Amino acid sequence: WNNKGGIHCYLKQYQEAISCYERALEIDHNSHYAWNDKGVAHSNLKQYQEAILCYERALEIDPKDHIAWYNKGNAHGYLKQYQEAISCFNRALEIEPNFHYAWTGKGVAHKDLKQYQEAILCYQQALALTDNKHWEAWGNWGGALLVLQGEDAALAKWDEALQFILPQEDAEGCGMLHQYKGKVYYRKGKKEYDSSKPFINPYPHWQAAYSCYLQAKQHLAKPHLPVQYLELLVDLAQVCHALAPRYPEMRKEAADVVTEGITCLERFLSELSSELDKRFWAQKFITFARLRVDTLLDEGDATAALLAAEHQKNLSLRWMQQNRYFTNPPTVTIEQMQQLLAPNRAIIHWHVSDQAITTFILTEALTPAKALTPAPLPQVWKLENWLKQWKSHYHDYRKGGGKEVPLSYSDNVGTE
């Protein structure tokens, strides 16, 4: 049962894995392996408190299980309990000083505490133990330099890493490092685009990001890396959309990438039997459905784009309401929408994707639907930043640490 659970975990079928580990524990309640592996499955479902309880049970049985200490540290890190995470990584390293994953995990916790020099020392130790072959340490080292010294320092570190992380030895590591580079180039373009300089040109940065993502795609297009490949396609679609105003041929490439992403996601979901697993991954990659709306708008079909936006909205609402996976929620047709119209009544639908905020208008005089010119990218990014701030404020408010209710969007960024 434990081995079967491991196979389900490898296939990202975490709910099935948990069921297998529970069967294993019915047979041997003191199997620290099953408790640890069950914790890993919970952690992958972002159920970190449940994961910690599993790791603690494993450690009650075997206090010298350095992997359980390491996994517990990761779970504390995801919960932003960084000091607890460091304590767990230290316990793992007391038991197994050469456990390079624990050195990297400890570095990540120091980085999250803004203790960047301590983090870098941990990454260097992990690399010394692996002959510079641990790509996660290289990746996080570049992330620390991104904060300390800026984009160019991070890019240089990842270029150095790619001299050691070779595609024939570690395709995933090679692909991820190229993807990290692409993300930084995309970020540089965003900063240029949203600057107050009189002449802005983000496109060289976005072209560099596009090239990095194409290199990453060569390495991550592997059957055993479905999630990594889907994450890459999201990034690639975004940069293609960003390049499209200057290079119109990118509109078709963006559409092709979105179509490939939807196809890959559907194939991945079809391999899952748990409804909870399907919902988890479908929500994680909802970006493809949102970008599909932008693609339809680029093709000039505002009515199809509106219907796609309605479908995606209703799907998300149904997932939240019933806490399970659906593919065909109740939705409305354009004819049903038109029946609600009157001379003094219109339908307005706002759709937000990673690349645009689009306003759809449907009136008796505007059939089929009309889509207004999407808000420019800086407005999209302002909304993204506001949402992050709102969630943070609301989280503090719910915990009793916030003194005020979160600000409205207009209060925070304006309504221009």
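Here are my entries, in the order I made them.

**Entry 1: the model and its salt bridges**
I noted at the start that this is a predicted model. I then asked how many salt bridges a search of the whole structure finds. The search gave me 18 salt bridges.

**Entry 2: Lys 284 and Glu 231**
I looked up the salt bridge between Lys 284 and Glu 231, and the closest N and O atoms are 3.4 Å apart. Lys 284 belongs to helix α15 (residues 275-284) and Glu 231 to helix α13 (residues 226-243), so this pair ties together parts 53 residues apart in sequence.

**Entry 3: Arg 187 and Glu 151**
Next I checked Arg 187 and Glu 151, whose side chains meet in a salt bridge at 3.3 Å, N to O. Arg 187 sits in helix α11 (residues 171-193) and Glu 151 in helix α10 (residues 151-161), so the pair ties together parts that are 36 residues apart in sequence. I found Arg 187 partly exposed, at 36% relative accessibility. Glu 151 counts as buried because its relative accessibility is 11%, and the cut-off for buried is under 20%.

**Entry 4: Lys 111 and Asp 112**
I also wrote down the salt bridge in which the side chains of Lys 111 and Asp 112 meet, at 3.9 Å from N to O. Asp 112 is partly exposed, with 34% relative accessibility.

I placed Leu 11 in the loop between α1 (2-10) and α2 (14-27). Leu 11 is partly exposed, at 39% relative accessible area.

**Entry 5: the inside of α10**
I came back to α10 to list its buried residues. They are Glu 151, Ala 153, Ala 154, Leu 155, Lys 157, Trp 158 and Ala 161. What covers these buried residues of α10? I found that the cover includes α9 (135-148) and α11.

Methods
Residues numbered from 1 in each chain as written. Predicted model: local features only at pLDDT ≥ 70, side-chain atom pairs only at ≥ 80, totals over all residues. Heavy atoms only, no water. Salt bridge = Lys/Arg side-chain N within 4 Å of Asp/Glu carboxyl O. Buried < 20%, exposed > 50% of the residue type's maximum accessible area, 1.4 Å probe, protein only. Helix = DSSP H or I, 4+ residues; strand = E, 2+ residues; numbered from the N terminus. Contact = heavy atoms within 4.5 Å.
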